[in-house]
Amino acid sequence: MRKAEFPFQSTPCESSEAFPGRKEYVFPVVPCRLHHGKCSLPPIDFLVDSGADHCVFGGDIAEALGIDIRAGVRHSLTGVVGRKGESWVHSVKLEVVGLEKYQLRCAFVECEIPHSGLLGRLGFFDRYVVTVDLRKRVTTISR
Amino acid sequence: MSNSAVIRYEENGTRHDFRVRTGDWVAYERSSRQPVAVGRTLSVTVRRVEESGRKDVVLYQVPPTDCSLIL
C-alpha cells in the first residue's frame, strides 16, 4: 500500500465576532505538481474537498501551464448556494508529491476561486482513501 | 470573504513583513515550513522562488476566512 501524510496548511486571521479568539484558519491540503506538455508547476497545496464533484483549478494555474482554457470541453458548475459558472475540462498530469503521477481530467475556471485548486471526488477521492484528522491537523492518503 | 494578515519571511538575507490578502500566493520551505517568498500572483511568486534558487518549496494561495462554500 502506498501512503502519504501531509500537514494542514494554516494562515493567520483576525478574530471575528462569530468566532472570537480564533487566530488562524486551517485547511486540509495535499501538495501536488501539475504538468501539461512541457510545462510543470512547482508543488502547490491544493484543498482536499470532498464536496467538489471533480478537481477544479483557477485561471492562473491554467495560464502558468500554458493552457488555453476555452479550448477544453465546456462544463457547467454549480455551487452550494446555487450559483452557476462555466468551466472547461482539460487533461493534465497530477503528481502527488512523494507518491505518484497520473493523468487527470479536471476543470479550469476563468474566474477566481477561493483556493488555488480543489481536489474533488472524480480524480482524487476515487483514487485514494482520504483521512482528514482535524485534531492532529494531518491529511493521510493511501491506495 | 476576505483575509488579511502579516506574514514574515526572509528573502536574500533581508527580513520582510508582508500583509497578505486573500488571493495572494505564499511560498514556503517544505522542511522548515517557513515562508520564503510571497506575491500577489502565482507567476510573480514562482519567479521569486526561482530567483532565490530554493528547491524544496511549496506554494499555497491565501484563502478567505470562513469559506464554507466553494464556487
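Which residue of β10(A) does A:Phe57 stand opposite? In this predicted model, A:Phe57 stands opposite A:Phe108 of β10(A), and the pairing to which that position belongs is a parallel one, in which two bridges join strand β7 of chain A, residues 56–57, to strand β10 of chain A, residues 100–108. Strands of a sheet pair through hydrogen bonds of the backbone, and the pairing can be either parallel or antiparallel.

Strand β10(A) also pairs with strand β9 of chain A, residues 84–96, and here the sense is antiparallel and the pairing extends over nine bridges. Within this pairing A:Val89 stands opposite A:Ala107 of β10(A). The two strands β9(A) and β10(A) form a hairpin with three residues between them, and in its turn A:Gly98 has a positive phi of about 80°. Strand β9(A) is in turn joined by six bridges to β8(A), the two running antiparallel, and in this pairing A:Leu77 has A:Gly85 of β9(A) as its bridge partner. Strand β8 of chain A covers residues 73–78, and because the number of buried residues among its six is zero, it lies largely in the open.

Stepping back to the whole of chain A, one finds one helix and 13 strands, and from the N terminus on the elements follow the pattern β-β-β-β-β-β-β-α-β-β-β-β-β-β. The C-alpha trace of chain A spans about 45 × 40 × 25 Å along its principal axes. Its radius of gyration is 16 Å, which agrees with the value near 15 Å that a compact globule of 143 residues would have. Of these 143 residues, 35% count as buried, and among the contacts in chain A between residues at least 6 apart in sequence, 56% join residues that are at least 24 apart.

Another part of chain A is an open sheet of three strands, in the order β1-β13-β12 and with antiparallel pairing. Strands β1 (3–7) and β12 (129–133) of chain A stand at the edges of this sheet, and because each has a single partner strand, one side of each is left without a neighbour in the sheet. Neighbouring strands of this sheet are turned against each other by 15° on average, with direction ignored. Five bridges make up the antiparallel pairing of β12(A) with strand β13 of chain A, residues 138–142, and A:Val132 has A:Thr139 of β13(A) as its bridge partner.

The loop between β12 and β13 of chain A holds A:Arg137, whose phi is near 60°, a positive value in a residue other than glycine. Most residues other than glycine have a negative phi. A:Arg137 is partly exposed, with 15 other C-beta atoms within 10 Å. B:Arg33 is exposed, with 11 other C-beta atoms within 10 Å.

Chain B contains one helix and five strands, which along the sequence follow the pattern β-β-β-β-α-β. Buried residues make up 32% of its 71 residues, and of the contacts in chain B between residues at least 6 apart in sequence, 45% join residues at least 24 apart.

The largest nonpolar core has 49 residues, and those with the most contacts inside it include A:Val29, A:Phe46, A:Leu119 and B:Val26. Leaving aside residues up to four places away in sequence, A:Val29 touches A:Phe6, A:Phe8, A:Gln9, A:Asp45, A:Phe46, A:Leu47, A:Val48, A:Thr139 and B:Tyr60.

The predictor gives the complex an ipTM of 0.85 and a pTM of 0.89. For chain B the mean pLDDT is 81, with 82% of its residues reaching 70 or more. Within chain B, confidence is lowest in strand β1 of chain B, residues 4–11, at a mean of 71, and highest in strand β5 of chain B, residues 57–61, at 94. Where pLDDT is low, the predicted coordinates should not be read in detail.

Conventions
Residues numbered from 1 in each chain as written. Chains lettered and ligands numbered in written order. Predicted model: local features only at pLDDT ≥ 70, side-chain atom pairs only at ≥ 80, totals over all residues. Core = buried A, V, L, I, M, F, W, Y, C linked by C-beta atoms within 7 Å. Buried ≥ 20, exposed ≤ 12 C-beta atoms within 10 Å, placed from the backbone. Contact = placed C-beta atoms within 7 Å. Pairing = 2+ DSSP bridges. Helix = DSSP H or I, 4+ residues; strand = E, 2+ residues; numbered from the N terminus. Axes fitted to C-alpha atoms, helices over the stretch in contact; angles between N-to-C directions. pLDDT = per-residue confidence, 0-100. Rg over C-alpha atoms; globule rule 2.2 N^0.38 Å.
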